[in-house]
Amino acid sequence: MQNILSVISFLLIVNVLLLMFSVNSNAQSLSLNDSLQVGQKIKKGNDTLVPYEGAFMGRTLTSGVTLNEGSIVSEGMLQFTGSTTFTLSNDIKVHYKYTDKNKNAIQFKALSYGGFSLVKDDDLPAAQSLGNMIALSGLGDYSATNLSKMLEGKTANTRIDLSDLTESIKGDSTTKDVEILLQMIHLHFVNPRFDSDAYELLIANLNKDIIRRSHTINEQIRDSVTTTLYGNNHPKQRLLNNDFVKDVSLERMKKLYKERFNNAADFEFFIVGDIQKNVLRPLLEKYIASIPTNNTREEWQDNSVPWLQNVINKDIPLLLEAPKSVVRIAYNNTMRYSLKHALIARALGDILQLRFTKIMKEKTIDAYTASVKANILKRPIEQASLHITLECNPDKIEQLITQVHEEIKKIEKGVALQADLDKIKANYLKERKEQKRHNSYDMRVLINYFREGYNMNNPKKFEDLVNTITIKDLEVFTKALINDSRSYKIVFNQDRASQSVYEVKGMKDR
């Protein structure tokens with residue numbers, strides 16, 4: 001009786017599995033005799049189970065793609081970065097460095113100037129959705145589902161990205177799968193995929209995001225800041241709404257992709273990781289030198305959007321999730337970019353973060369968050385900025401805002417604590433030492449040298465600069481940032497009327 005039950009159980013399991021995985025296939029249920037024979041073979045161990053050979057066996061990502069292999073026409077080494085630059089027959093430059101700080105790991109980046117700055121206003125929603133569209137579509141002849149099956153057991157990933165001033169392709173792989181990574185890069189340039197089903201999914205996801213954002217406080221705050229600074233319908237500062245989604249057409253995305261990624265020679269390629277030069281060279285000739293290119297070169301444009309006013313102070317009632325107030329404070333001002341200024345800006349933000357955290361603890365202010373960030377931009381306009389976000393009980397908000405301004409004034413007057421500055425500087429040096437242990441640091445070395453023109457391995461470009469930052473530097477920098485600056489203070493207070501309605505509705509719902 002027990003043997004019969006075990007046979008029946010086995011038969012049920014096999015047939016249920018067949019039914020589960022037989023959609024659009026020729027799978028058929030097994031008979032009792034067939035099941036008994038399979039069971040006996042497994043029990044006796046007579047047969048070796050062979051993996052299923054699917055439709056992708058023997059195929060590669062570039063099967064069916066004509067590869068007109070090119071060549072490496074020159075090769076130059078840069079001793080202080082430890083890198084090699086290959087110039088390919090199609091005029092693509094590949095900057096490569098071998099490093100095995102992270103063993104069996106490869107990083108890839110291809111960078112080009114342009115980004116959203118070269119996109120027409122009406123096309124911005126499509127451009128901002130392009131990365132997700134490509135990720136959902138798959139690549140070449142393979143849908144996202146089939147691409148996943150094709151890459152089963154392999155580790156190689158790519159993604160495209162558009163930002164304000166650049167477009168890029170980023171990727172990573174294990175050492176053994178670097179050829180697959182380069183095949184994917186090739187296909188991004190010569191055979192990108194725009195799947196109609198993926199487009200429908202993208203639009204559905206955008207519509208879900210509209211609903212989600214309408215119930216997410218942080219998204220409402222972010223949208224409120226945008227409309228306060230730029231107005232309700234600025235063509236370059238679009239909110240995610242129904243009009244935005246209407247402008248995300250499949251044809252527009254195809255057109256934009258072709259414009260932004262049509263010339264691989266306008267990109268600089270970077271490869272860093274655990275792969276020997278003699279292994280990489282033939283792969284570059286096969287997959288990268290074979291990409292068709294042209295002589296077109298692009299640069300970013302300055303499409304900076306001014307605020308509605310240089311100084312903005314506004315209170316906005318909002319139905320918050322808890323009895324609290326949220327404050328956004330910002331300053332920005334034109335300022336010459338330099339590595340030293342970038343470090344001073346970072347130190348200013350970190351010192352204020354320390355001070356605000358300490359104040360809240362001393363004053364027993366019930367703060368949910370207090371975050372500060374200061375930086376300086378090199379492009380499209382050289383300018384420094386300071387952004388502060390505060391959340392606390394509504395009855396303490398004015399006290400906290402006053403404290404914020406007092407702390408900024410102290411730094412302007414050179415009253416910052418030396419102990420705070422010393423702590424932050426020591427932390428920067430510790431972080432840099434840790435960063436040098438990873439392949440990603442070497443990638444940044446190459447990008448900063450070839451794109452920004454400096455060697456971040458040189459102690460004079462970081463360690464020495466950190467050690468020279470003084471209280472006086474902070475004072476001078478903060479004065480230059482705050483005086484005659486553009487600024488805003490936006491306070492989000494609990495909407496009492498809406499809160500009452502919310503509470504009554506909540507009681508009713510219970």
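β5 and β6 run antiparallel to each other, paired over seven bridges. A hairpin of three residues joins β5 to β6. Within this pair, Asn157 sits opposite Asp172 in β6. Keep in mind that this is a predicted model.

Stay with β5 for a moment. In a regular strand, side chains alternate between the two faces of the sheet. Here is how that looks in β5. Ala156, Thr158, Ile160 and Leu162 form the covered face. Asn157, Arg159 and Asp161 form the uncovered one.

Now the other neighbour of β6. Strand β4, residues 106-113, pairs with β6, residues 166-173. Again the sense is antiparallel, this time over eight bridges. Ala110 stands opposite Ile169 in β6.

Next, the helix on this part of the sheet. Helix α5 covers residues 178-190 and packs on the sheet.

Let's zoom out to the whole sheet. What is the strand order? It reads β1-β2-β3-β7-β4-β6-β5. That is an open sheet of seven strands, with mixed pairing. Which strands are at the edges? They are β1, residues 72-78, and β5, residues 156-162, and each pairs on one side only. From one strand to the next, the twist averages 15 degrees.

A further helix to look at is α10, residues 277-288. α10 lies across β1, β2, β3 and β7. Its angle to β2 is about 30 degrees. For orientation, β2 is 83-88 and β3 is 93-98.

On to empty space. Rolling a probe the size of a water molecule over the atoms shows where space is left. How many cavities of 30 Å³ or more does a search of the whole structure find? One. The volume of the largest cavity is about 50 Å³. Its lining includes Ser112, Asn262, Asn263 and Thr296. Glu259, Arg260, Asp266 and Glu298 line it too, as does Phe267. By class, that lining has four charged, four polar and one nonpolar residue.

Last, the chain as a whole. The protein chain has 17 helices and twelve strands. Of its 510 residues, 44% are buried. Then the contacts. Take those in the chain with a separation of 6 or more: 81% join residues 24 or more positions apart.

Definitions and conventions:
Residues numbered from 1 in each chain as written. Predicted model: local features only at pLDDT ≥ 70, side-chain atom pairs only at ≥ 80, totals over all residues. Heavy atoms only, no water. 1 Å grid on protein atoms, 1.4 Å probe; cavity = no way out; pocket = protein on both sides within 12 Å on 5 of 7 lines; lining within 4 Å. Points joined across faces, edges and corners; volume = space filled by probe spheres on them. Nonpolar A, V, L, I, M, F, W, Y, C, P; charged D, E, K, R; others polar. Pairing = 2+ DSSP bridges. Helix = DSSP H or I, 4+ residues; strand = E, 2+ residues; numbered from the N terminus. Axes fitted to C-alpha atoms, helices over the stretch in contact; angles between N-to-C directions. Contact = heavy atoms within 4.5 Å. Buried < 20%, exposed > 50% of the residue type's maximum accessible area, 1.4 Å probe, protein only.
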